[in-house]
Amino acid sequence: MILQNILIFAHRGSKGTHPENTMAAFQKAAEIGAEGIEFDVHLSSDGELVIIHDETLDRTTTLTGYVKDHSAQKLKTADAGSKFSNEFLGERIPFLVDVFDWAKGNALLMNVEIKTDKLAYEGIEQKIIDSIRQYGMENRVILSSFNHQSIEKVKMLAPDLERALLFEGLPENFEEILRDKKESGFHPDKNSLTPAVKEKAKKLGYKIRPWVANDETDIVRLAELGVDVIMTDFPERAIKILKAW
Ligand code: G3P
Ligand code: CA
């Protein structure tokens, strides 16, 4: 539900209560009434779009090594739930097609983070665009990245798609960057979003979607600042807090 014009996006699904970037996490977000989900995309060795946060499999799955070194078929054998809790044993690593297939049955917005800040994935932007087109998800997806060159590529390849610039800490010239890039989404880490920063980004016409606010103090502070989206690992909690706000 839309609360005070602020949308709730479930970060990596509902990472606080479910194994991150899994269908269980995304389903939870839909069930509790979040407006959107955020998730991260990498490429498998055979060029499939894989939803996982890290470049490597070790932290969240039962496989080891780099995502890019495994085929899609191999990645499908991994358990992506049991490291979070045995309750989620059997949960798989989803692929972008799995999420888009599932999303046909709901109205969730999807913030697709292109994970090209640590590794280069040749052609990942075009593959994501192709998938968005194939599933007709053009109006439901926001593409973001810490790698602003990836966002430039999307702009060139698919100017109609919504794009956002991710920041962790803000460079002194962030305002200049926002002005030059002329994107529509500004996704700073929550601590960088001061009232002055917010005002500057708003003046330039940006939608403001900070990440990641989990406790009441942060959620209320961001709501009072007038952000457009709150990204959170605990969407159920955030909805409750905003309802009472
Ligand atoms: O997109 C916001 C946020 O997800 C960026 O940080 O590390 O959780 O991908 P991270
Ligand atoms: Ca992310």
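**Exercise 1. Is Leu165 buried or exposed, and how many other C-beta atoms lie within 10 Å?** Locate the residue in this predicted model and describe its surroundings.

*Solution.*
Step 1. Leu165 belongs to strand E6.
Step 2. A residue counts as buried if 20 or more other C-beta atoms lie within 10 Å of its own. Leu165 has 22 such atoms, and therefore Leu165 is buried.
Step 3. With neighbours within four places in sequence left aside, the contacts of Leu165 are His148, Ile151, Lys181, Glu183, Gly185, Phe186 and His187.
Step 4. For Glu35, the separation from Leu165 is 130 residues in sequence and 20 Å in space, taken from C-alpha to C-alpha.

**Exercise 2. Check the length of helix H4 and determine where its buried and exposed residues lie.**

*Solution.*
Step 1. Helix H4 comprises the 12 residues 124-135, which should span 16 Å at 1.5 Å a residue. The C-alpha atoms at its ends are 17 Å apart, in agreement with that expectation.
Step 2. The buried residues of H4 are Ile124, Glu125, Ile128 and Ile132.
Step 3. These residues lie on the same side of H4, because the arc that they cover around the axis is only 105°.
Step 4. Arg133 and Gln134, on the other side of H4, are exposed.
Step 5. The elements against which the buried residues of H4 pack are strands E2 (36-43), E3 (49-51), E4 (109-114) and E5 (141-145), together with helices H3 (96-103) and H5 (148-157).
Step 6. After H4 comes Gly136, with a positive phi near 65°.

**Exercise 3. Carry out the corresponding analysis for helix H5: which residues are buried, and what covers them?**

*Solution.*
Step 1. Ser150, Ile151, Lys153 and Val154 are buried in H5.
Step 2. Down the helix axis, the buried residues of H5 fall within an arc of 155°, and so they line one face of the helix.
Step 3. Gln149 and Met156 are exposed, on the face of H5 turned away from the buried side.
Step 4. The cover over the buried residues of H5 includes E4, H4, E5 and strand E6 (162-167).

**Exercise 4. Describe strand E2: how many of its residues are buried, and with which strands does E2 pair?**

*Solution.*
Step 1. In E2, 8 of its 8 residues are buried.
Step 2. In a regular strand, side chains alternate between the two faces of the sheet.
Step 3. In E2, Gly36, Glu38, Asp40 and His42 point one way, whereas Ile37, Phe39, Val41 and Leu43 point the other way.
Step 4. Strand E1 (residues 7-11) pairs with E2 in the parallel sense through 3 bridges. His11 is found opposite Glu38 in E2.
Step 5. E4 also runs parallel to E2, and 6 bridges join the two strands. Val41 has Ile114 in E4 as its bridge partner.
Step 6. E3 pairs with E2 in the antiparallel sense over 3 bridges, and Val50 in E3 is the bridge partner of His42.
Step 7. The hairpin of E2 and E3 has 5 residues between the strands, and Gly47 there has a positive phi near 80°.

**Exercise 5. Which residues surround ligand 1, and how is the shell made up by class?**

*Solution.*
Step 1. The residues around ligand 1 are His11, Glu38, Asp40, His53, Glu113, Ser144, Leu166, His187, Trp211 and Met231.
Step 2. By class, this shell contains 3 nonpolar, 4 polar and 3 charged residues.
Step 3. Two members of the shell, Glu38 and Asp40, point the same way from E2.

Conventions: Residues are numbered from 1 along each chain as its sequence is written. Chains are lettered from A and ligands numbered from 1 in the order in which they are written. This is a predicted model: local features need pLDDT of at least 70, side-chain atom pairs count only at pLDDT 80 or more; totals for chains, interfaces and linings use all residues. Helices (H or I, at least four residues) and strands (E, at least two) are DSSP runs, numbered from the N terminus. The expected span of a helix is 1.5 Å times one less than its number of residues. A residue is buried if 20 or more other C-beta atoms lie within 10 Å of its own, exposed if 12 or fewer, and partly exposed in between; C-beta atoms are placed from the backbone. The arc is that of the directions from the helix axis to the C-beta atoms. Two residues are in contact if their C-beta atoms, placed from the backbone, lie within 7 Å. A residue is near a molecule or strand if its C-beta atom, placed from the backbone, lies within 6 Å of it. Ala, Val, Leu, Ile, Met, Phe, Trp, Tyr, Cys and Pro count as nonpolar, Asp, Glu, Lys and Arg as charged, and the others, Gly among them, as polar. Two strands pair if DSSP finds at least two bridges between them.
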